[in-house]
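Let's take a walk through a protein model and see how its parts pack together. Have a look at the picture before reading on.

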Amino acid sequence: MSKCAVCTTKKPTLECGICHSAICKSCTDFVDESTFRYAPQIPNKLQASSTYCLNCYTTDVRPEIEKYENLLAEAKEIRVYDITQTKETRLFKRLEPVIEVKACVDVPEATIKLAFITASLGFNCMIDMKLKTIKIRDGSYQTSEVNGSAIPTHLDETKVMRDRSFSDPN
Ligand SMILES: [Zn+2]
Ligand SMILES: [Zn+2]
């Protein structure tokens with residue numbers, strides 16, 4: 001009978017999605033959509049499977065998770081102006097195509113997903129954000145989802161800081 005490629009003792013019941021080694025459950029790292037919850041999609045090379053051996057996890061999966069977590073941290077720092085704030089943002093550049101998210105569970109999720117896309121495109125601000133809650137009737141059960149859009153832009157933080165400290169007596 002074959003043995004797990006990692007621990008070489010247990011019976012393998014799973015397969016690594018990258019090197020295709022037969023591995024046992026206790027030697028498997030599981031990765032699924034929830035790991036990349038706020039990303040528009042799972043990184044390409046991780047789409048085919050959700051199970052990985054330790055080796056592939058270390059060399060291929062963990063760097064993707066780190067990249068995701070760094071972008072998520074950046075996304076949380078993104079400045080957000082919604083569509084009602086066009087007065088504040090009237091001088092901002094609107095050069096980028098509109099980004100969209102669909103079928104989010106709620107407003108905070110739609111916002112962070114838009115911010116994630118903004119961060120991954122290399123911008124630090126999004127403007128003209130529109131969020132639309134749509135009611136969905138499924139038989140007698142009613143639920144809702146949120147669609148959103150925004151325009152990524154670059155905001156000169158030093159300028160904002162200067163504006164803010166304008167009245168500072170120092
Ligand atoms: Zn094993
Ligand atoms: Zn592997």
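## Two crossing helices

Helix 1 and helix 2 make a right-handed crossing (the near helix is turned clockwise from the far one by less than a right angle). Helices here are DSSP runs of H or I with at least four residues, and strands are E runs of at least two, numbered from the N terminus. The contact uses Leu71, Leu72, Glu74 and Ala75 from helix 1, plus Ile112, Ala115, Phe116, Thr118, Ala119 and Ser120 from helix 2; "in contact" means C-beta atoms, placed from the backbone, within 7 Å.

## The nonpolar cores

The largest nonpolar core has 20 residues. Such a core is a set of buried Ala, Val, Leu, Ile, Met, Phe, Trp, Tyr and Cys residues joined through C-beta atoms within 7 Å, and buried means 20 or more other C-beta atoms within 10 Å of a residue's own. Strand 6, helix 2, strand 7 and strand 8 each give two or more residues to this core, and helix 2 gives the most, with 6.

Ala150 is among the residues with the most contacts inside the core. Beyond its neighbours within four places in sequence, Ala150 touches Ile99, Leu114, Met126, Ile127, Asp128 and Met129. Another core lies apart, with 11 residues, including Cys4 and Tyr57.

## About the model

This is a predicted model: local features need pLDDT of at least 70, side-chain atom pairs count only at pLDDT 80 or more, and totals for chains, interfaces and linings use all residues. Residues are numbered from 1 along each chain as its sequence is written, while chains are lettered from A and ligands numbered from 1 in the order written.

Note on methods: Two residues are in contact if their C-beta atoms, placed from the backbone, lie within 7 Å. A residue is buried if 20 or more other C-beta atoms lie within 10 Å of its own, exposed if 12 or fewer, and partly exposed in between; C-beta atoms are placed from the backbone.
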